[in-house]
Every structure is written in structure tokens, then in C-alpha cells.
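Welcome, and thanks for taking a look at this structure. Please have the sequence and the 3D view open as you read the notes below.

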Amino acid sequence: MAFTRAAGKHRLPSRMKRTTRRTVGVAALATTGVVGTLAAPALAAEESPVEQTGLTQAVTLGDSVAQEIDAQAAAQQQAAAQAAAREKAEAAAKVRAEEAAAKAKARAEKEREAKARAAREAERKRLNAYTAPITGSYVSTGYQAGGGIWSSGSHTGIDFHAASGTAVHAVGSGTVVEAGWGGSYGNQVVIKMTDGTYTQYGHLSSIGVSVGQTVTPGQQIALSGATGNVTGAHLHFEARTTAEYGSDMDPVAYLRSHGVNV
């Protein structure tokens, strides 16, 4: 029996021709930079690796470019993430530094306030303190000692042993109300104390303060001597309720009530 070859427009192109046309098309796409993913399935349908050689090179080239782009994008993302992390860390460090500075400033302010309070308290105590009028001396004649040498019949103060020229100190804080000649007391100083009482210092060889002047505990106000009605150099000291003679009170009890050991 004889067979007739199919001819005309219904004849399918050979496998080699189809592969050649597809390879040319993919190569054209690769040349223009448009190698799409649609070429991959068509390539996979071919059976012969030899017939797919040109297409494989084009797809491989496209994959390499895509991988490079992906790598660059990943690197950029990583760099951006690292930059953001650095900025975040720097911002956090700045906040911590500012907080530390604020805490340090607050501590310093508290320390200054504490020192200021301590200084004020120390000054208050100093101004409220009392001391003996003659340093390292002792009472040589007591309060209300009797004898004809005193016009009132008794001693209105106490005498501290002191050679002429010995420094005389204010026993506490106050204001000078008298500074000059005081009759039988010779040169004298009378001070109104901050508690409202008065102290008197007599028989002075010289006076170092003036009326209206404020004095503090232990401040030198005069030098001891033998002026006025005396038998020898010493310091006559009185504690009074007023600035006037006759308002005297026990000087030893007065000084001891203010913490002075006499």
C-alpha cells in the first residue's frame, strides 16, 4: 500500500526549527535586557540539553544580574539597618548622658545647699556661743565679796586675774552701748547681748571698740589694766539686767548658764 506524505500548510515545523526560533527570541530579549521568567517554562519543556545551549546562557545571565541586584539591595538594607541602629544607639547614649548630667547637677546643688545649711548652722552656733573674757585665766575675787574697798559694800562682779595689756574678749554677741571712762571702773566697755542682758568690762588700759559697734563671741574689745579704783591690774567683769550700775547678777552663774566653765 502506498502512503502519501502530508503536505501544505498543516505540516508542523521540525523540532530544530522551533528550538532555533525560541533561542533567537530569548537572545533578543537578553540583548534588550528583558529576560523574563516566561522563558524558563518553555526551556524546561525541551528534551535535549544540546538544543537549549543558547537559551541557557541567556537565562543564566539574567539570573546573575538579578542576584547581583538582590545582593546590592540586601547590602543597602543592611547598611540602612546598621545606620538606624547607630542613630538609635547614639540617641540613647545622648539621653543617658543628659540624664547623668542632670543627676550630677542635682547632686551638686544638693551638696551646695547642704554645705550652705551647715555653714549657716555653724555660724549660728558661733554667734550664740559664749566664752570667757580672759583666755586661760581664773576668778581671783568672787561675786559679792565684802570689804570696804567697794562703795556698795560688796563686789558687784568678779575679777579675772590678768596682767596689764592682756587681751579682753567679748563673752558673746552683742552691741557696744558704752565705751569710755566709767568713774571708779576706769576705762570700761558695756555690751548689750543678743539675749537682752548686759556685760561690763572694767579697769581697762585701752579700748578697741566704739559705741554702736557689733561684736561676736571671742572678739577682742580691749586690753586689761589698772585704771579707776583698783589695787592692781586685773579685769573686772559684770553681768547685768540693764546697762546701769546696781542691776548686777551673779557673773559666774551667768557664764555657766551659757556653757562657759569658770
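This is a predicted model: local features need pLDDT of at least 70, side-chain atom pairs count only at pLDDT 80 or more; totals for chains, interfaces and linings use all residues.

**Strand E4 and its partners**

- Strand E4 covers residues 174-181 and strand E5 covers residues 187-193; the two run antiparallel and are joined by 7 bridges.
- The hairpin of E4 and E5 has 5 residues between the strands, and Gly183 takes a positive phi there, near 70°.
- E4 also pairs with strand E7, residues 214-215, through 2 bridges, and these two strands run antiparallel.
- In that pairing, Gly174 is the residue opposite Val215 in E7.

**Gln200**

- Is Gln200 buried or exposed? Gln200 counts as buried because its relative accessibility is 0%, and the cut-off for buried is under 20%.
- The side chain of Gln200 makes a polar contact of 2.8 Å with the side chain of Gln188.
- Setting aside neighbours within four places in sequence, Gln200 touches Tyr185, Gln188, Val189 and Val190, and also His236, Phe237, Glu238 and Arg240.

**Asp248**

- With a relative accessibility of 22%, Asp248 counts as partly exposed.
- Which side chain forms a polar contact with that of Asp248? The partner is Tyr143, and the contact is 2.6 Å.
- Beyond neighbours within four places in sequence, the contacts of Asp248 are Tyr143, Thr156, Glu238, Ala239 and Arg240.
- Although Asp248 and His155 are 93 residues apart along the chain, their C-alpha atoms are separated by 10.0 Å.

**Confidence along the chain**

- The chain has a mean pLDDT of 83, with 75% of its residues at 70 or more.
- Residues 1-11 have pLDDT under 50 throughout, and the model gives this stretch 2 contacts beyond four places in sequence.
- Residues 15-51 also have pLDDT below 50, and the model shows 30 contacts for them beyond near neighbours in sequence.

How values were computed:
Residues are numbered from 1 along each chain as its sequence is written. Side-chain values use heavy atoms; hydrogens and water are left out. Buried means under 20% relative accessible area, exposed over 50%, partly exposed in between (1.4 Å probe, protein chains only). A polar contact is a pair of N or O atoms within 3.5 Å; within protein, one must be able to donate a hydrogen and the other to accept it, and residues adjacent in sequence count only if both atoms are side-chain atoms. Contact means heavy atoms within 4.5 Å. pLDDT is the predictor's confidence in each residue, from 0 to 100. Two strands pair if DSSP finds at least two bridges between them. Helices (H or I, at least four residues) and strands (E, at least two) are DSSP runs, numbered from the N terminus.
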